[in-house]
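Me: I have a model open and would like to learn how to read it. Can we go feature by feature?

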Amino acid sequence: MCSISTDNVLMKRRPALLLTLLCMAMSAHAQMKWNATYQAYIDQYKSIAVQEMQKYGIPASITLAQGIFESAAGRSDLARKGNNHFGIKCHGWAGRSVYHDDDAQQECFRAYDTVLESYEDHSKFLATSQRYRRLFSLARTDYAGWARGLKECGYATNPQYANKLIELIELYRLYEYDGGRMASVPQGSGHTVVQGVQQPAASGRHQLFIYNNNVYLRAHQGETFRTLADELGISYRKLARYNERNKKDILAEGDVVYLKKKRTHADKAFKHKEHVVQPGESMYTIAQSYGIRLKSLYRKNRLPNDYQPRVGDRLKVY
């Protein structure tokens with residue numbers, strides 16, 4: 001029970017009401033304590049949230065806060081069984097589904113092959129629905145307006161939904177990602193990352209980076225596609241196929257691993273540029289550095305599949 005001392009006059013007038021209100025306030029404050037699991041979730045998915053913001057205009061802070069709240073930072077049944085991080089139900093859905101007790105028993109929820117698909121579908125769900133259209137007239141930095149608007153538009157039935165999102169955003173300073181810009185990593189890599197990206201959290205999860213309309217991580221020495229698949233919720237066979245490697249390969253420190261199928265050409269920034277081959281590079285490492293398929297690199301340059309590049313060779317990548 002809450003132990004409180006206050007003015008005697010007030011206590012005589014409405015002691016029960018005051019006791020209830022103050023206990024509620026203290027309880028709410030306790031729930032706002034920093035949570036390492038939530039921070040690890042943010043570290044893993046903040047780049048994705050920023051990318052979705054840049055594509056659809058939904059504040060990254062809102063996306064991250066919803067992801068944390070709706071999926072219990074990736075630990076809910078829906079997240080574990082269906083990679084559903086936003087609690088979106090099946091309405092008009094033709095894909096795979098899972099069933100879960102919510103407002104009613106065994107309701108139908110959307111299921112995804114990867115968490116990335118859940119994030120993408122969340123953005124499209126909000127951006128294409130007439131119900132949420134008015135939210136897109138709000139400023140990207142107005143996270144409080146977005147949070148309240150989501151509740152008013154019927155995203156959730158929890159009466160405290162908006163307040164919970166705002167608490168998460170302010171406690172974890174998620175609003176800082178609403179103005180994120182893209183910045184280049186060391187010259188020559190051809191990759192871009194979201195400004196402010198930190199090193200992986202101590203939990204061992206990998207930081208996710210964005211490049212050429214794809215998402216990637218850097219492997220640690222001795223990891224395999226199977227161990228990465230367990231962390232990411234992606235089939236290890238698909239992961240190997242996306243990266244044009246054998247599913248049994250053992251990865252080296254720093255190997256780039258893409259989480260979606262690579263594109264046929266590099267980022268448009270390289271439309272009128274060529275790659276100059278450096279010592280130690282292979283056709284495969286070059287393709288990985290630009291986020292393009294190996295066979296596309298050969299095809300663009302009209303080269304046989306057994307061609308080995310020489311230092312100084314110039315290759316088209318777009």
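Reply: Start with polar contacts. A polar contact is a pair of N or O atoms within 3.5 Å; within protein, one must be able to donate a hydrogen and the other to accept it, and residues adjacent in sequence count only if both atoms are side-chain atoms. Here the side chain of serine 118 reaches the backbone nitrogen of histidine 85 at 3.1 Å. The serine 118 side chain also reaches the backbone oxygen of asparagine 83, at 3.3 Å.

Me: What kind of model is this, and how are residues numbered?

Reply: This is a predicted model: local features need pLDDT of at least 70, side-chain atom pairs count only at pLDDT 80 or more, and totals for chains, interfaces and linings use all residues. Residues are numbered from 1 along each chain as its sequence is written, and side-chain values use heavy atoms, with hydrogens and water left out.

Me: What is the mean pLDDT of the protein?

Reply: pLDDT is the predictor's confidence in each residue, from 0 to 100. The protein has a mean of 80, and 81% of its residues reach 70 or more.

Me: What share of the residues counts as buried?

Reply: Buried means under 20% relative accessible area, exposed over 50%, and partly exposed in between (1.4 Å probe, protein chains only). Of the 318 residues, 43% count as buried.

Me: Back to serine 118. Is serine 118 buried or exposed?

Reply: Serine 118 counts as buried because its relative accessibility is 1%. The residue is found in helix H6. Serine 118 touches Asn83, Asn84, His85, Phe86 and Tyr112, not counting residues up to four places away in sequence.

Me: Where is asparagine 301 found?

Reply: Asparagine 301 is in the loop between helix H12 (294–300) and strand S9 (314–316). At a relative accessible area of 16%, asparagine 301 is buried. A polar atom of its side chain lies 2.7 Å from the backbone nitrogen of lysine 316. Leaving out residues up to four places away in sequence, asparagine 301 touches Arg314, Leu315 and Lys316.

Me: How do I read one side of a helix?

Reply: An α-helix has 3.6 residues a turn, so residues three or four places apart point the same way. In helix H9 (residues 225–232), the buried residues are Phe225, Leu228, Ala229 and Leu232. They are on the same side of H9 because they cover an arc of only 105 degrees around the axis. The arc is that of the directions from the helix axis to the C-beta atoms. These buried residues pack against several elements, including helix H3 (36–56) and helix H10 (236–242). Glycine 233 follows H9, with a positive phi near 75 degrees.

Me: Which residues are buried in helix H8?

Reply: In H8 (residues 161–171) they are Tyr161, Ala162, Leu165, Ile166, Leu168 and Ile169. Their arc is only 160 degrees around the axis, so they are on the same side of H8. Their cover includes H3, H4 and helix H7 (143–152). Just after H8, arginine 173 takes a positive phi of about 55 degrees.

Me: Which cysteines form a disulfide?

Reply: A disulfide is a covalent bond between the sulfur atoms of two cysteines. The cut-off used is a pair of cysteine sulfur atoms within 2.5 Å. The count comes to one. Cysteine 90 and cysteine 108 form the disulfide, with their sulfur atoms 2.1 Å apart. The link is left-handed, with -65 degrees about the S-S bond. Cysteine 90 counts as buried at 12% relative accessibility, while cysteine 108 counts as partly exposed at 24%.

Technical notes
Helix = DSSP H or I, 4+ residues; strand = E, 2+ residues; numbered from the N terminus. Contact = heavy atoms within 4.5 Å.
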